[in-house]
Amino acid sequence: MKKVMLATMISCAVLSTNVIAQPNTDKIVIAHRGASGYLPEHTLPAKALAYGMKPDYIEQDVVMTKDDQLVVLHDHYLDRVTNVAALFPHRARSDGRYYAIDFTLAEIKQLSVTEGFNIKEGKQVQGFSERFPIWKSHFTVPTFQEEIEMIQGLNKTLGYDIGLYPEIKAPWFHRHEGKDISKAVLTVLKQYGYTDKNSNIYLQTFDFNELKRINDQLMPAMGMDLKLVQLMAETDWNETMVYDKSGQAHPYNYDWMFKPDGMKVLSQYADGIGPWKPMIVKDSSTLGHIKLTDMVTNAHANGMVVHPYTFRADKDRIPAYVKDYNGMLEVFYNQAGVDGVFTDFPDKAVNFLQHQTQSH
């Protein structure tokens, strides 16, 4: 049944390629966690559906298992999108979370994946209520290799060239746990032919120290030179932590990236940046009065592309300074001048760019 379900999703995705043309533009679309606005994030069916929508890149978030395998999950814990708490109730850490790094690949393959949820008053509450119903159908956690092989296989059978956009998740955490996830990811990418800046891939991380290590040490040692992207966060998100000599973790300070010479420093190691949308268009913007920061201008002046996140069409995710999803794309692509966007709804962004091309 699992194979039938996946085959059905791929066939639906392939059929959709007949009605969506690849836009003739230098602006790109990145399918954020696949077609995650329509199917549970980072599942192979979500990636197959995204493929059929013909974005330029499909994103993979990569974490490591106990037995050193790479799996595609947004978080380095399992409990937000799987039934791990039901199958392995005694495997949580002291913080109550179930970490992928504490489970073997065989154990993770036993889990069912669903639309993301939170626990409120002891009940599971779906994060995006209008999206794919929670615990319907059957989805599993894919390995990094399984996803690469599916995308490369579809590139072969359909004749397209859709790229990868992997993120190394929390490398600081993995290294603290004794696992060099960055080296493991690069090893797999090299095995599948992604080796230099001509390869159809961007490799991203929030961890600047690790990005620098990848650029200065790991890639040269492996004979690789991929395009790198520095993801940008607010310091108080605790997205990246740094351990002191006593083993205590402290938030990495991102503030320097936003200072006048921040982009110049980043450009020594990265080919692009991945900022949060409000870092480019200020939340104080109103309809007809868009207030831009100088981030895109500064990044471009230093030779870097800009791919902000995350563009969602859900009714509560449209900012007040636009009327709808297309209005948001118009502001970022045309007024702010970004080079691409991460979106949960890749079909909508592809269609937007296609119509832009036709109207010009």
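**Close-up views of a predicted model**

Figure 1. A polar atom of the H174 side chain lies 3.2 Å from the backbone oxygen of K169. Apart from neighbours within four places in sequence, the residues in contact with H174 are V63, M64, H76, I101, K169, K179 and I181.

**Figure 2. A positive phi angle at A170.** The loop between β6 (163-168) and α6 contains A170. Although A170 is not a glycine, its phi is positive, at about 40 degrees. Is A170 buried or exposed? With a relative accessible area of 11%, A170 is buried, because the value falls under 20%.

Figure 3. By class, the lining of the second largest cavity holds five nonpolar, two polar and four charged residues.

**Figure 4. The largest cavity.** How many cavities of 30 Å³ or more are there? The count is two, and the largest cavity has a volume of about 60 Å³. The residues that line the largest cavity are E41, H42, T43, V72, L73, H74, V81, V113, T140, V141 and P142. Six of these lining residues are nonpolar, four are polar and one is charged.

**Figure 5. The largest pocket.** The volume of the largest pocket is about 1,000 Å³. Its lining comprises 37 residues, and those closest to the centre of the pocket are R33, H74, D75, R80 and R312. The elements β2 (57-64) and β4 (117-120) are those that give two or more residues to the lining. Which classes of residue make up this lining? The largest pocket is lined by 16 charged, 11 nonpolar and 10 polar residues. H74, one of the residues closest to the centre of this pocket, also lines the largest cavity.

**Figure 6. A positive phi angle at D68.** D68 is located in the loop between β2 and β3 (70-72). Its phi is near 65 degrees, which is a positive value in a residue other than glycine. D68 has a relative accessible area of 45% and is therefore partly exposed, as the value lies between the limits of 20% and 50%.

**Figure 7. A cis peptide bond between Y309 and T310.** The peptide bond that joins Y309 and T310 is cis, with omega of about -20 degrees. T310 is placed in the loop between β12 (305-306) and α11 (325-336).

**Figure 8. The annotated span 27-353.** An unreviewed UniProt entry places the feature "domain: GP-PDE" at residues 27-353. In the model, the end C-alpha atoms of this span lie 8 Å apart.

Technical notes: Residues are numbered from 1 along each chain as its sequence is written. This is a predicted model: local features need pLDDT of at least 70, side-chain atom pairs count only at pLDDT 80 or more; totals for chains, interfaces and linings use all residues. Side-chain values use heavy atoms; hydrogens and water are left out. On a 1 Å grid over the protein atoms alone, a cavity is a set of points where a 1.4 Å probe fits but cannot get out, and a pocket is an open set with protein on both sides within 12 Å along at least five of seven lines; lining residues have an atom within 4 Å of a point. Grid points are joined across faces, edges and corners, and a volume is the space filled by probe spheres set on the points. Helices (H or I, at least four residues) and strands (E, at least two) are DSSP runs, numbered from the N terminus. Ala, Val, Leu, Ile, Met, Phe, Trp, Tyr, Cys and Pro count as nonpolar, Asp, Glu, Lys and Arg as charged, and the others, Gly among them, as polar. A polar contact is a pair of N or O atoms within 3.5 Å; within protein, one must be able to donate a hydrogen and the other to accept it, and residues adjacent in sequence count only if both atoms are side-chain atoms. Contact means heavy atoms within 4.5 Å. UniProt positions are given in the numbering used here, feature names are shortened, and annotations may be inferred rather than shown by experiment. Buried means under 20% relative accessible area, exposed over 50%, partly exposed in between (1.4 Å probe, protein chains only).
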